2 protein chains.
Amino acid sequence: MKKILILGAGLSTGNLIEYLLNNAEEHDWQITVGDISEEVARAKVNGHPRGAARVFDINDDMESWRTIADHDVVISMLPAKMHHLVADKCLDLRKPMLTASYATEEIKALEEKAKKANIPIMMELGLDPGIDHMSAMNLINRIKEEGNQLTSFYSFTGGLVAPEYDNNPWNYKFTWNPRNVVMAGNGVSTFINNGKYKYIPYHRLFDRTLKRKILQLGDFEIYANRDSLKYREIYDLQNIPSMYRGTIRRPGFSKAWNVFVRLGCTEDGYTIEDSENMTYREYINAFLKYEPNVPVEIKLQEYCRNAENPVVFEKLKWLGIFDNRKVGLKNATPAQILQKLLEEKWKMDPEDKDMIVMQHEFKYNNGTEEKMIVSAMAVEGKDQKETAMSITVGLPLAIATKLLLTGKIKNTGIVLPIYKDIYEPILAELETFGISFEEKEYMLG
Amino acid sequence: MKKILILGAGLSTGNLIEYLLNNAEEHDWQITVGDISEEVARAKVNGHPRGAARVFDINDDMESWRTIADHDVVISMLPAKMHHLVADKCLDLRKPMLTASYATEEIKALEEKAKKANIPIMMELGLDPGIDHMSAMNLINRIKEEGNQLTSFYSFTGGLVAPEYDNNPWNYKFTWNPRNVVMAGNGVSTFINNGKYKYIPYHRLFDRTLKRKILQLGDFEIYANRDSLKYREIYDLQNIPSMYRGTIRRPGFSKAWNVFVRLGCTEDGYTIEDSENMTYREYINAFLKYEPNVPVEIKLQEYCRNAENPVVFEKLKWLGIFDNRKVGLKNATPAQILQKLLEEKWKMDPEDKDMIVMQHEFKYNNGTEEKMIVSAMAVEGKDQKETAMSITVGLPLAIATKLLLTGKIKNTGIVLPIYKDIYEPILAELETFGISFEEKEYMLG
């Protein structure tokens, strides 16, 4: 019998836990779900005979040691900044660990320790990062193996509301961590285009979108992700002339969002004076000039040209940014105030479903011809629990855990799913859950 | 006999050291100038019988202890981040310390220790911070003592090239730390206008200038300094409805500078790939879209509307940003590359003189009338050694040292020059050096 420990029973753990419980009998697994709240853990286990729920607190050193020691593998669904604490303990106890989060510098620092312990710390096994790596490497290796030269790789992912529930002027709702959405792109975004490095400062990022039609889902727009360059090394594409990664939104989102960026509403480094007692109208006015005889609406349109556009202005107005309604947040940063408003307006209704969209675009030549492959995927959530996000984050992680426990993964150290023996079986099994890529090939020029 | 220790013999220490040496005989002072380079210290002492030069390294613990212990007062002209190390040693040895730098959080943390030691750590005794505080407090206290209610305080300072040497299209040369100029305003700028808090994000700062005529020196423009609000407490103006501090430039500077801010050229948080081998033209192109058939000049004008203006475009072109000349800086941030170019172009010629301009604007009412006082000062440098910056930073610091050594300063703890017994004698003596404010009173409305 193998014992699996899942740490954290929050959002996006539903499909992960369900998969492992469903496969527990066949593989003789025992599954423990640990969470700060035993109740939350218990709800996820839902009385399954192969499951158990318990309190787990990574800050309780002795108890976390004992718990990890009692299991064969650990899946950390804790907040990302806690993973390295878990990983460190796992390595001391020679237990493999898996997560859906980025291999941060703190995690990478454990590489040597993991190698010495002969143990894998498997990172980036979710959607993005995760399925993006697996599906990209699958195509990259195929294109290379066929003797082609890759010249360009663009890759986009987005978490959106599914089309039939898409009923607000932003064509967007929060299907994932709202804070990450408000802070998205903060910093510089870097990519390379035909050998030319390109740098977009944050305040211009939402000006510079790409447009795409994806599958049969209609029109989308894409803004650049922060660092596209580092993926050249991960994907073994060091000399590729063009490389770009981006985030998918519906058309018009970025032009309106840019008004907030330009105003300074997404800044998070200082707090607004007396934010608790101000109204949203006063909040917006705090970024505009002092002209007491000009309405806030007009000042905003004069200050940010985008807001002159009626389509943009309607989006802003719909959010209630001109309302004399109190913010009611103490010592809040501009970003925190904006987030509070958006959480009300961009909330998923109980019957709403989310949607994940991903598209890879490869250009390559075979010596005589320039070709292009477009590979796209879309997944819709089933309900508020089995969201597309929970499915696409949880399933690859669960399948990787199965591969590990059945001896299919030999790697040690900090491991990303960029190796054929990892991504091939995961992608194959994901297809059985309807998570598959539609691929089209074009001749260029 | 009293022994004065001056730490650091770099830029802007000339007038400080000269004043103290000139007054040494009368007050029976012995002056030691300590610097990492004994040669630099020796050049400043210039063989004066009351002066001595020596090597001083704050990182050499034992030796700095011994040196400080052997003196009665310490003036730190070291880089600002080192002041707290000096102050800490001074307090252990119960020696007063003076600097022209900001009372940082690290310095403020020494308040209790300084109070207990019954010793003053005198900060912000230069120009800005320094003369700005003294001249402001002088007027604030006078206006209050006359029974008036202050309603508004705007204050501006600028270091510029003197008018007759002002011969480039930017009407600007580096008369002070170039890095501080390139990074100026990075972060949010905050002020209050008629009771309304206002926040300007960095990328909009140079859009929102004020215009002023100052003295007989013609037209200027002003952009907001980072945090104007904290001065309400320093100046005991907690409830003042309007408070704004700004930096003075010649008209047109900000509109052109804003092109660099909008491009991302002033960012300092990442390095540009292969910066060493790129040209300035490629550097600018790295912030613009990939459109190989459109010249960089046109792309820039399309991307930043300001650059369409021929007056702005001439400024940019004059800097050589479109030249195919190599940057030659390894692993450089955008800001470092821009700084390197500007250091060549905005360099003071050997015969050039600098100029300091400062203006305070107070509004107040006496119960029946609204009035305004405008108080302005300008100082021109004498030559490249006796710059306006060196004069206005060094003299108040030197005079404060004299006051301290002659028993005129009773304050202990972290002390700013906001007390009458400090600023009155300093301002009076500065007038004998030609540093004086011209004051005008107006009736408003």
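In the predicted model, 35 residues of chain A are in contact with 35 residues of chain B. The two copies meet through the same surface, because 100% of the interface residues of chain A are also interface residues in chain B. Between them, chain A and chain B bury about 3100 Å², of which 50% lies on carbon and sulfur atoms. On the side of chain A, the residues that lose the most area to chain B are Tyr199(A), Arg204(A) and Tyr290(A), which together account for 23% of what that side buries.

Four elements of chain A give two or more residues each to the side that touches chain B: strand 9 (196-200), helix 10 (202-205), helix 12 (253-263) and helix 14 (296-303). Strand 9 of chain A supplies the largest share of this side, with five residues. By class, the side of chain A that touches chain B comprises 17 nonpolar, six polar and twelve charged residues.

The arrangement of the copies was examined by superposition. Chain A can be laid on chain B with an RMSD of 0.1 Å by a turn of 180° and a shift of 0.0 Å along the axis. The two copies are therefore related as by a two-fold rotation axis. Among the residues of chain A, His203(A) comes closest to the rotation axis, with its C-alpha at 3.5 Å.

Note on methods: Residues numbered from 1 in each chain as written. Chains lettered and ligands numbered in written order. Predicted model: local features only at pLDDT ≥ 70, side-chain atom pairs only at ≥ 80, totals over all residues. Heavy atoms only, no water. Least-squares fit on C-alpha atoms with pLDDT ≥ 70 in both. Contact = heavy atoms within 4.5 Å. Buried area = accessible area lost by both parts, 1.4 Å probe. Nonpolar A, V, L, I, M, F, W, Y, C, P; charged D, E, K, R; others polar.
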